[in-house]
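Here is a short tour of a protein model and its metal site. Have the viewer open and follow along.

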Amino acid sequence: MLTNLPSTVVVREASLRDGLQSVATIVPIENKLAWLREAYAAGLREIEVGSFVPARLLPQMEGTADVVAEARTLPDLFVSVLVPNLRGAEMAMASGAHMMTLPLSASHAHSLANLRKAPDEVVAEVARIRAARDASGSKTLIEGGVGTAFGCTIQGAVDPAEVVRLVGQLLDAGADRISLADTVGYATPDVVHDLFDQAVRLAGDQFWSAHFHDTRGLGIANVLAAMDVGATRFDACLGGLGGCPHAPGASGNVSTEDLNYLFTSMGISTGLSMEKLLALRQRIADWLPHETLRGVIWQAGLPKIYPFASTTPAHA
Ligand SMILES: [Zn+2]
């Protein structure tokens with residue numbers, strides 16, 4: 001029997017950002033807003049709603065300020081956005097987002113290819129963002145999102161000690177929250193267990209989210225491994241959307257509906273409605289007719305033993 005289980009977890013829905021940035025389809029703003037509202041109606045209370053990058057680079061992310069504005073009208077919704085630099089951070093603060101995530105690649109090679117900066121230059125950018133945030137009086141939290149934490153397609157292996165060093169550097173530079181991401185689907189449960197253990201201990205209450213892609217089928221296993229050492233917040237995408245422009249074949253965050261199935265099977269509360277998640281997944285499939293959606297629950301359907309009425313967490 002599994003031990004060390006939390007009684008509740010938070011699923012941070014990332015499909016409007018990680019999902020949409022990796023597909024060719026440009027989703028019109030009215031569909032993005034419907035997507036947002038239905039995700040909220042399904043019980044999601046943390047949503048990464050887009051990123052503040054120039055529209056010429058990522059036209060899929062156009063209208064992020066409008067999505068944030070709509071999201072801020074939904075009670076108790078915690079709204080995060082991705083920002084690539086100080087310029088994006090200024091837009092995020094002006095939008096009123098609760099949190100802005102600055103991605104940092106622990107892989108030096110991936111960092112240069114994706115962000116055109118070395119990891120330590122990204123740390124310096126976090127310090128500049130922190131200074132600008134404090135000077136402006138903005139309350140938008142800064143999340144340092146350490147990506148390619150388990151290796152990358154360009155460089156191969158990434159030293160876990162380098163990941164831990166960067167977590168410490170981000171905290172020192174003024175990041176309010178820290179997350180770890182397996183950007184390209186290289187993570188395996190044993191490595192996840194050890195690295196999350198170190199990162200969660202180092203960041204303490206400032207540790208935020210675990211971000212896994214299911215590229216090689218280990219997404220759910222990695223979630224369990226991270227949860228076993230204290231992670232209680234997980235990024236996911238409806239329909240298993242998601243990818244990385246510099247990680248060929250890395251398509252697919254862990255799917256929100258599959259993750260909800262896992263947690264509810266263990267008696268861990270998510271606050272999510274499986275029925276509404278699956279209904280929204282279908283709408284997303286309609287909005288993205290040329291894209292491949294993933295995940296397994298939608299295909300197999302729910303079993304007769306669902307909703308697992310008798311399960312209780314090992315540790316409340
Ligand atoms: Zn991702």
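## Fold and packing

Within the protein chain, 74% of the contacts with a separation of 6 or more link residues 24 or more positions apart; a contact means heavy atoms within 4.5 Å. This is a predicted model, in which local features need pLDDT of at least 70 and side-chain atom pairs count only at pLDDT 80 or more, while totals for chains, interfaces and linings use all residues. Residues are numbered from 1 along each chain as its sequence is written, and side-chain values use heavy atoms, with hydrogens and water left out.

You will find 12 helices and 8 strands in the protein chain, taken as DSSP runs (helices: H or I, at least four residues; strands: E, at least two) numbered from the N terminus. Of the 316 residues, 54% are buried, meaning under 20% relative accessible area with a 1.4 Å probe, protein chains only. The C-alpha atoms fill a box of roughly 55 × 45 × 35 Å along the principal axes.

## The zinc site

Now turn to the zinc ion: its protein donors are Asp18 (OD), His211 (NE2) and His213 (NE2), at 2.0 to 2.1 Å. Donors here are N, O and S atoms within 2.8 Å of the metal (3.2 Å for Na, K and Ca); water is not among the atoms, so sites may look incomplete. Asp18 sits in helix H1 (residues 15–21) and His213 in the loop between strand S7 (207–212) and helix H9 (219–227), so the pair ties together parts 195 residues apart in sequence.

Asp18 is buried, at 2% relative accessibility, and His213 is buried with a relative accessible area of 2%.

Methods. Buried means under 20% relative accessible area, exposed over 50%, partly exposed in between (1.4 Å probe, protein chains only).
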